[in-house]
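Take a moment to look over the chain below before reading on.

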Amino acid sequence: MSLTINAQEQKQNVKDGFYQNPIFAGDYPDPSIIRDGEDYYIVHSSFNYYPGLLIWTSKDLINWKPVTHALKKSVGSVWAPDLVKLNNKFYIYFPANETNYVVWADSINGPWSDPIDLKIGNIDPGHFTDEKGNRYLYFSNGSYVPLSKDGLVISGESKHVYDGWKIPSEWSIECFCMEGPKVFKRGDYYYLTTAEGGTAGPATSHMVISARSKSPLGPWENSPNNPIIRTNSASEKWWSKGHATLIDDVKGNWWMVFHGYENGYYNMGRQTLLQPVEWTKDGWYKMKDGIKTEDKIKKPTGQNINSNVILSDAFTGAKLNPQWQFFDEYDTQRVTFSPNGIKIKGKGTGIGQSSPLLCTPSDHSYTAGVEVEIEGNASAGLVLFYDPKIFTGIAFDKENIMAILRVWQFPTIKGVNKTHLFLRLEKKEQTVNMFYSIDGKNWLKIENSAEVSSFNHNALSGFMSLRLGLASIGEGSVTFRNFVYSVVK
């Protein structure tokens, strides 16, 4: 199952010249996109998952394959990055740990630098240059700061120049919460695109706002088409649509890349969406008339590329495949790669402290199974993981099979006395069933199941999503092999 195509029907839509949102199914929020010739590159928020800032590439804006992770060193929860190419170098600006950082590379493929602390607060840096090549960062509070010529140092004081667009008081929103500023130039104008309304909360909160100016430093005039896009009703398929970046394709057509929550599947996180925009005669942009986010939409011109990334993994390679990230940090000293599987040293006394290895499911219903072997006084788990305080799944030590229900862990099958077992989770919509097997052929369901619809940001905060996790806990180590993910129709 491809990370970037969420159903066989969508593959057929692309083949027939149409696509259907999302273009990234699963938790891919805050997209930042650039075009470099005929190639598109995109990056998303990576929060507490490491290695972070996974860059993807495409020829048609629909089919994507991974390039590399740009962030190896843990600096905390990484929000709303901005991907930039300037003077034949690539940069990613991002906030984390109450400051802002930049990483850079001579090639999109890397190697990427260690994160450089810009030593300035605020969130959601948006990079832009003026006609003289001077560099600046906008932030979510409507201010900008100048950058050095190499883009690696803040070189002046912050100046506030934009107050946003006033949201009608009768609308149901989470908060004003201006964020995600992105600046581009077209013709005589610079265009500032922001989000307002709050990224979660009511379905009608998030929205895309546009303003323009003859100078990238303002003053800014708000668009008469605001909000450019917004969820108008909780009955719609896509909720909290916002945080947009605009991009022109190789034919001169314009597109908006943004994110939204899927109605009924809030715990999948914010998924990446794509929709065409058009320009009015008076120089403003708006969403193309007659097209809804959930429609089948005529795809952009461009070569299809097949993503070779699938969630299933035999774990026989010499490195971590791109679909995997550890929670909080990627400690290479914990991990041993071999043709016999990936061995992970135990950590912590429970799954919440174990920094599990995670991947992002792209479907509503699926099964995930893995072969597991424990050594020493370790225990192992296959879980659906939101954060260290909330997760569910199945685990075992050398004596018992254990159920995990909303962190509550207890022996459910005692006296198994095995160090080599097979574990499986079956998620059908929002119900999770749990299985184990002695031989990998005959599966036994334990009596415990879980309901996981509430494992989401509106209930738990944190902006996380429900991810599949492999956990190695305690003293000893765990070898995982033959991880198999499949869609349940």
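Glu179 is buried in this predicted model, because its relative accessible area is 13%, and the cut-off for a buried residue is under 20%. Glu179 belongs to strand E15, which covers residues 179-186. If we set aside the residues up to four places away in sequence, Glu179 touches Asp124, Ser140, Thr194, Ala195, Thr199, His206 and His243.

Glu179 is also one of two residues, the other being Asp30, that the UniProt annotation "active site" covers, and the record is an unreviewed entry. Although these residues are spread over 150 residues of sequence, they cluster in space, with a largest C-alpha distance of 10.2 Å. Asp30 is found in the loop between strand E1 (18-20) and strand E2 (32-36). Is Asp30 buried or exposed? Asp30 counts as buried because its relative accessible area is 5%. Leaving aside neighbours within four places in sequence, Asp30 is in contact with several residues, among them Val43, His44, Phe47, Ala80, Pro81, His259 and Arg270. His243 is also on the list of contacts of Asp30, and His243 is likewise touched by Glu179. With Ser45, the side chain of Asp30 makes a polar contact of 2.5 Å.

From these residues we can turn to the empty space in the model. Rolling a probe the size of a water molecule over the atoms shows where such space is left. The largest pocket has a volume of about 690 Å³, and 28 residues line this pocket, of which Ile33, Ile34, His127, Val183 and Phe184 lie nearest its centre. The elements that give two or more residues to its lining are E2, E7, strand E11 (126-129), E15, strand E16 (189-196) and E20.

Strand E20, which covers residues 238-248, pairs with E21 in the antiparallel sense over seven bridges. Within this pairing, Trp239 stands opposite Tyr261 in E21. The two strands form a hairpin with five residues between them, and Gly252 in the turn has a positive phi of about 90 degrees. Strand E21 itself (residues 254-262) is mostly covered, since nine of its nine residues are buried. E21 also pairs with strand E22 (residues 271-279), again in the antiparallel sense and over seven bridges, and here Phe258 stands opposite Leu273 in E22.

Another strand that is mostly covered is E31 (residues 401-405), where five of its five residues are buried. Which way do the side chains of E31 point? Ile401, Ala403 and Leu405 point one way, whereas Met402 and Ile404 point the other way, and all are buried. Strand E30 (residues 390-396) runs antiparallel to E31 and is joined to it by four bridges, with Phe396 standing opposite Ile401; a hairpin of four residues connects E30 to E31. E31 also pairs with strand E32 (residues 408-413), in the antiparallel sense over five bridges, and there the bridge partner of Leu405 is Trp408. Between E31 and E32 lies a hairpin with two residues, and Arg406 in that turn has a positive phi of about 50 degrees.

Elsewhere in the chain, an open sheet of four strands has the order E7-E8-E9-E10, with antiparallel pairing. Its edge strands are E7 (82-86) and E10 (116-117), each of which pairs on one side only. Inside this order, strand E8 (residues 89-96) and strand E9 (residues 99-105) pair over seven bridges, and Pro95 stands opposite Asn100 in E9.

Finally, some details of the backbone deserve a careful look. The peptide bond from Gly110 to Pro111 is cis, with omega near 5 degrees, and Pro111 is found in the loop between E9 and E10. A cis peptide bond also joins Asn226 and Pro227, with omega about -10 degrees, and Pro227 lies in the loop between strand E18 (221-222) and strand E19 (229-230). Leu53 has a phi near 50 degrees, a positive value in a residue other than glycine; Leu53 lies in strand E5 (residues 52-58) and is buried, with a relative accessible area of 0%. Asn417 likewise has a positive phi, near 55 degrees, but Asn417 is found in the loop between E32 and strand E33 (420-428) and is exposed, with a relative accessible area of 52%.

Notes. Residues numbered from 1 in each chain as written. Predicted model: local features only at pLDDT ≥ 70, side-chain atom pairs only at ≥ 80, totals over all residues. Heavy atoms only, no water. Buried < 20%, exposed > 50% of the residue type's maximum accessible area, 1.4 Å probe, protein only. Pairing = 2+ DSSP bridges. UniProt positions renumbered as here; feature names shortened; annotations may be inferred. Contact = heavy atoms within 4.5 Å. Polar contact = N/O pair within 3.5 Å; in protein donor to acceptor, adjacent residues only side chain to side chain. 1 Å grid on protein atoms, 1.4 Å probe; cavity = no way out; pocket = protein on both sides within 12 Å on 5 of 7 lines; lining within 4 Å. Points joined across faces, edges and corners; volume = space filled by probe spheres on them.
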